[in-house]
Amino acid sequence: MAKKFRERFKTLNDVFDQFTIRNLFVLSSKDHFVDGTMSPLSIGKEANIFTAAAKDGDSRIVIKIYRLETCDFNKMYSYLALDPRYTNLKKKKREVIFAWCQREFRNLMACREAGVRAPLPLAFLKNILVMTQVGEDSPAQKMKDDVPKQPQKFFAEIIGEMKKLYRYGYTHSDLSKFNILNLDQRPVLIDFSQMLPMNAPHAYEYLKRDVENVADFFRRLGVKIDNEKVYKEIVAVGTKKV
Ligand SMILES: Nc1ncnc2c1ncn2[C@@H]1O[C@H](COP(=O)(O)OP(=O)(O)OP(=O)(O)O)[C@@H](O)[C@H]1O
Ligand SMILES: [Mg+2]
């Protein structure tokens with residue numbers, strides 16, 4: 001690995017191990033982003049998020065890196081165990097984190113197939129996920145920080161996205177004002193690490209909770225919402241078998 005590259009990552013952020021730095025190098029050399037352009041965007045419970053310049057033209061990409069040392073892999077394992085796609089997963093720390101990251105990539109692919117407004121997944125490698133940035137020059141803000149100007153319309157659009165996802169056989173399972181971005185007054189859903197197929201145990205409870213969390217935010221903005229009615233409306237579109 002090029003020494004210069006390693007040094008650049010060291011100065012950028014000290015939290016990553018050699019394994020992760022090596023894999024970032026692999027991803028950048030496979031043309032996913034321009035080496036040396038990463039800048040930090042957010043530090044979450046489990047992952048650090050960076051933006052970087054894409055190699056093809058002037059668009060920007062987002063890199064989500066799950067921290068190998070400090071993420072709660074027991075919690076990840078218990079969530080993965082609910083997902084029929086991951087029933088054979090062994091409870092080994094690294095394997096669990098890699099499966100978690102792979103699942104988020106697969107979930108984003110499913111969103112693309114379902115026509116849901118979400119980032120486009122570009123690549124994943126071990127604990128690193130690469131996707132398009134929502135927002136052209138700078139990343140779009142969360143709807144809690146950039147409050148929709150037409151709440152009723154914005155809420156209706158989110159429900160429309162939830163219906164598409166449900167129709168395709170999934171529920172986001174962590175939907176809230178934190179995981180919906182406001183892109184030019186239209187919603188884009190993000191953070192698909194917990195998305196579940198509807199044949200997973202409790203999937204309908206998660207769907208109900210998603211409705212409640214989103215509705216809470218919009219009710220405070222004056223939108224009149226009957227949670228039960230919205231939930232029934234989503235379920236009424238029917239779901240395909242996954
Ligand atoms: N594709 C994207 N485009 C623009 N901004 C993004 C994108 N992905 C993430 N972000 C920004 O980074 C923040 C954190 O991302 P995300 O919600 O995926 O991670 P997190 O909440 O830290 O995840 P986890 O709970 O899994 O640790 C988001 O709230 C959003 O502001
Ligand atoms: Mg989030």
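Predicted model: local features only at pLDDT ≥ 70, side-chain atom pairs only at ≥ 80, totals over all residues.
## Strands around the ligand

Four strands put at least two residues each into the shell around ligand 1: strand 1 (39-43), strand 2 (47-53), strand 3 (60-66) and strand 5 (128-132).

## Where the ligand sits

Ligand 1 takes up the space of the largest pocket. Look for ligand 1 between two domains, because domain 1 (18-132) and domain 2 (141-235) both hand residues to its shell.

## Who lines the shell

There are 23 residues around ligand 1, and the ones that come nearest are K64, T132, V134, K142 and D191. Sorted by class, the shell has 12 nonpolar residues, along with 6 polar and 5 charged ones.

## Polar contacts and burial

D191 has a polar side-chain atom 2.9 Å from an oxygen of ligand 1, while for K45 a polar side-chain atom sits 3.4 Å from an oxygen of ligand 1. With T132 it's the backbone that counts: one of its N or O atoms is 3.1 Å from a nitrogen atom of ligand 1.

How much of ligand 1 does the protein bury? On its own, ligand 1 exposes 620 Å², and the protein buries 92% of that.

## Picking out residues to look at

If you're browsing the model, T132 and D191 are handy places to start: both are among the residues that come nearest to ligand 1.

How values were computed:
Residues numbered from 1 in each chain as written. Chains lettered and ligands numbered in written order. Heavy atoms only, no water. Near = heavy atom within 4 Å. Polar contact = N/O pair within 3.5 Å; in protein donor to acceptor, adjacent residues only side chain to side chain. Areas by Shrake-Rupley, 256 points an atom, 1.4 Å probe, with all protein chains shown as cover. 1 Å grid on protein atoms, 1.4 Å probe; cavity = no way out; pocket = protein on both sides within 12 Å on 5 of 7 lines; lining within 4 Å. Sits in = over half its atoms within 2 Å of the grid points. Nonpolar A, V, L, I, M, F, W, Y, C, P; charged D, E, K, R; others polar. Domains from an automatic or database assignment.
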